[in-house]
Amino acid sequence: MNKKQVVVGADGRGRWDQDRSMLAALSIVTPTAKTCLRCHQHNFGGDIFIDELDSLFMQSQWNLGDTRPRIAHPGSKRGTPYSPTWDVHAAQNMACIECHTTQGHFIAKGTHTTTMMANDLPDVEVKCEKCHSAEPHEDDPELADLYNMHTGRIACVTCHIPTLQADNATMRDFDSPLFEEHPGIYVYDDLEKGVDAERGIMYRWWNGDGTFLGNPIGDNPNGRNLYSFYKPEHVWPEYQDFDYEGWYERVMRPIAKQKPSKLYAMKRFNGKQHIDLANISPFGGMYVPYNLPTYYTTGDPDQAAAREMEKSMMEMMYGKLFKFYLMDKFMSFMGADGWNADVYEDVKALKNVEARWIPMDASLEVSHAIRREGSLTCTDCHSPDGVLDWKELGYSDADIEMYQQNPLE
Ligand code: HEC
Ligand code: HEC
Ligand code: HEC
Ligand code: HEC
Ligand code: HEC
C-alpha cells in the first residue's frame, strides 16, 4: 500500500495509482489461493490459524518472519479455512478463481448472499453443481441414492461443512476490550466460540436473499407456516412490546415464500458495538465506528467512538446532506421513520450512545471448509438428539416423530 500514490487522470480526477515498482511487476501471475488468502484468511480461518498439514499455506502469518507483519487478531467470523486439512478443494490445490470465475478483473461472488458486500458479477452463479452433478453420490452402493434424494431440499454445504475451526467467534464484545500481550494492543473480547451445531453452526431455510442485518430469508417448503427466520434473542428495552410475530406474518412470510428455499448450514455471529440511540429500530440501529488507533492503544471504546466523529468525513457521512441522500431511506429499511442527523454532534459529546448486541444473531453464509470425512450422515440428523431442531425448522409433531427415527432400521 505504501508504494501507491494519488495520481490525476485525464479526466482531472484524483485516484489511487498502482504500485509500479519492478518488484511488483515481476510478481504478476494468475492468482493462486494464497494470493486471495492474504486478505480473506482473516475471516475464513482467522489471522492466527495455522494449517496442520501445511503451515506455510497461509502466507500472511505473523509468526513466520513474514515481511508483511500484520496484527494477529484472534477469532474469525466464519471459521471455515480454505486450507488442505479443512477443504477438499484446497487439498487438490484448486485456486479460488476456479469456482469464483473471473471476467477481466471482476470476480464472481455468486447469486446468494447474507452480507452487503459489493458483487462484481451479480448474474454469475458460483455453485457446487457447476462441477459436480446435482446427484453426485455414487461411491457408497447402499447410501449413495439416499444422499442424492436429499439434494433437492438440502444444500451441499449443510452435510459437507459439519464443523467449524475452533478460533471462530460467535459473540464478539467490542465494548470490553482486553489487553493482548503479544502485539501490545487492546482487542475486542470474543466471549464465545462455537465449532458445531451447539452454538456455531445454525441450520436455516434459505432462498438466497438476506436482510442487511445478516438474516437469511427463507421458509420450509412444506408450506405449513411453522418456520420463522426472525426470532430476536436480545430484544432492546425500547421494543419490548413490539409485535415481532405479527410483523413477521404480515411483512416477511410473503417475501420468504417468493423463491424456493433449501436447508443451509450457517454461521452464528453477533457483535456488541456502540449504537447511536437517536437512530434505532426494532431490528437494530446505526453503528458508530471506532477510531482504531485510539481503540487499540487506550482500550477505551467511548473515546474511540468520539474521536472517530472528529474526522471531517464523518460530518459528511452522518450530516444533513446524507440524511436526504441516503440515510432516511436506509432507516426506513429498518422500520424507523427517518434519520436523526444529530448523531454527529451527539457522539462527539458521548451523548445518546451505548454498546449493544444486535437484537437477532446474524447467520452468515458459509461455503468453504468442505470435507468428505465427517460429513453429516443419516443419524446425525434423523435422531432425537441430532443436529437439527425439527420444531424450529417448521415441521409438524407427526413429521418430527417420523423424521427422528433412524431411517436405516
Ligand atoms: C487486498 C485484499 C484482498 C485480496 C488480495 C482479495 N480480496 Fe476479495 N475482497 C476484499 C474485500 C475488502 C472485500 C469486500 C468488498 C466490499 O466491501 O464490498 C472482498 C470481497 C470479495 C468477494 C465478495 C464477498 C461477499 O461476501 O460478497 C469475493 C467473492 C472475493 N472478494 C474473492 C476474492 C478472490 C477470489 C481473490 C483472489 C483472486 C480475492 N478476493 C482477493 C479484499 C481482498
Ligand atoms: C470449490 C469451489 C470454491 C472455491 C475453491 C472457493 N470458493 Fe468461495 N465460494 C464458493 C461458493 C459456492 C460460494 C457461495 C456462492 C453463493 O452463495 O452464491 C462462495 C462464497 C465466497 C465468499 C462469500 C462469503 C462466504 O464465505 O460464503 C467469499 C468471500 C469467497 N467465496 C472467497 C473465496 C476465496 C478467497 C477463495 C480461495 C481462498 C474461495 N472463495 C474458494 C465456492 C468456492
Ligand atoms: C470448479 C469445480 C468445482 C466446484 C465448483 C466444486 N467442486 Fe468439489 N471437487 C472438485 C474437484 C476437481 C474435486 C477433486 C477431484 C475428486 O476428488 O473428485 C472435488 C472434490 C470434492 C469432494 C471430495 C470428493 C472425494 O472423492 O474425495 C467433495 C465432497 C466436494 N468436492 C464437494 C463440493 C461442494 C460441497 C461444492 C460446493 C461448495 C463443490 N464441491 C464445488 C471440483 C469442484
Ligand atoms: C444429506 C447429506 C448430504 C448432502 C445434502 C450432500 N452430501 Fe455429498 N456426501 C455426504 C456424505 C456423508 C458423503 C461421504 C460418503 C463416504 O465417504 O462414504 C458424501 C460424499 C460426497 C462426494 C464423494 C463422492 C461419492 O460418491 O460419495 C462428493 C463429490 C459429494 N458428496 C458432493 C456433494 C455435492 C456436490 C452435494 C450437493 C449437490 C452434496 N454432496 C450433498 C452427504 C451429503
Ligand atoms: C443434514 C441432515 C440430514 C441428513 C444427513 C440425512 N437426512 Fe434424511 N432428511 C432430512 C430432512 C430435513 C428431511 C425432510 C425433507 C423434507 O422436508 O422434505 C429428510 C427426509 C428423509 C426421508 C423422507 C423422504 C421423503 O420423501 O419424505 C428419508 C427416508 C430420509 N431422509 C432418510 C435419510 C437417510 C437414509 C440418510 C442417510 C443416508 C439421511 N436421511 C440423511 C435431513 C437429513
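This report describes the ligand sites of a predicted model, followed by two residues elsewhere in the chain.

Residues are numbered from 1 along each chain as its sequence is written, and chains are lettered from A and ligands numbered from 1 in the order in which they are written.

Donors are N, O and S atoms within 2.8 Å of the metal (3.2 Å for Na, K and Ca); water is not among the atoms, so sites may look incomplete.

| Iron atom of | Coordinating atoms | Distance |
|---|---|---|
| ligand 3 | His89 (NE2) and His132 (NE2) | 2.0 Å |
| ligand 4 | His137 (NE2) and His160 (NE2) | 1.9 to 2.0 Å |
| ligand 5 | His150 (NE2) and His382 (NE2) | 1.9 to 2.0 Å |

What arrangement do the six donor atoms around the iron atom of ligand 3 make? The arrangement is octahedral, because the angles they subtend are 87 to 180°. By definition, six donors count as octahedral if opposite donors are over 155 degrees apart and all others between 65 and 115. His89 belongs to helix α3 (residues 88-91) and His132 to the loop between β4 and α5, so this pair ties together parts that are 43 residues apart in sequence. Helices (H or I, at least four residues) and strands (E, at least two) are DSSP runs, numbered from the N terminus. His132 has a relative accessible area of 44% and is partly exposed. The scale is this: buried means under 20% relative accessible area, exposed over 50%, and partly exposed in between (1.4 Å probe, protein chains only).

Around the iron atom of ligand 4, the six donor atoms subtend angles of 87 to 179°, so this arrangement is octahedral. His137 is in the loop between β4 (106-107) and α5 (144-150), and His160 is in helix α6 (residues 156-160), so the pair ties together parts 23 residues apart in sequence. His137 is partly exposed at 25% relative accessible area, and His160 is partly exposed at 23%.

The iron atom of ligand 5 has an octahedral site, with angles of 89 to 180° among its six donor atoms. Its pair links distant parts of the chain: His150 is in helix α5 and His382 in the loop between α13 (378-381) and α14 (397-403), 232 residues apart. His150 is partly exposed, with a relative accessible area of 29%, whereas His382 is buried at 14%.

A residue is near a molecule if one of its heavy atoms lies within 4 Å of it. How many residues surround ligand 1? There are 14, and the closest are Cys36, Cys39, His40, Lys109 and Ala118. Polar contacts are pairs of N or O atoms within 3.5 Å; within protein, one must be able to donate a hydrogen and the other to accept it, and residues adjacent in sequence count only if both atoms are side-chain atoms. A polar side-chain atom of His40 is 2.8 Å from a nitrogen atom of ligand 1. A backbone N or O atom of Ala118 is 2.7 Å from an oxygen atom of ligand 1. Helix α2 gives the largest share of this shell, four residues.

Around ligand 2 there are 20 residues, the closest being Cys96, Cys99, His100, Glu365 and His368. A nitrogen atom of ligand 2 lies 2.7 Å from an N or O atom in the side chain of His100. A polar side-chain atom of His368 is 2.8 Å from a nitrogen atom of ligand 2. The elements that give two or more residues to this shell are α2 (33-44) and α4 (96-99). Helix α2 gives the most, with four residues.

Ser281 is in strand β8 (residues 262-281) and is buried, with a relative accessible area of 1%. Leaving aside neighbours within four places in sequence, Ser281 is in contact (heavy atoms within 4.5 Å) with Trp236, Tyr239, Met334, Gly335 and Ala336.

Thr294 lies in helix α8 (residues 292-298) and is buried at 7% relative accessibility. Beyond its neighbours within four places in sequence, Thr294 is in contact with Gly299, Gln303, Ala304 and Arg307.

Technical notes: This is a predicted model: local features need pLDDT of at least 70, side-chain atom pairs count only at pLDDT 80 or more; totals for chains, interfaces and linings use all residues. Side-chain values use heavy atoms; hydrogens and water are left out. Four donors count as tetrahedral if all angles lie between 85 and 135 degrees; four count as square planar and six as octahedral if opposite donors are over 155 degrees apart and all others between 65 and 115; anything else is irregular.
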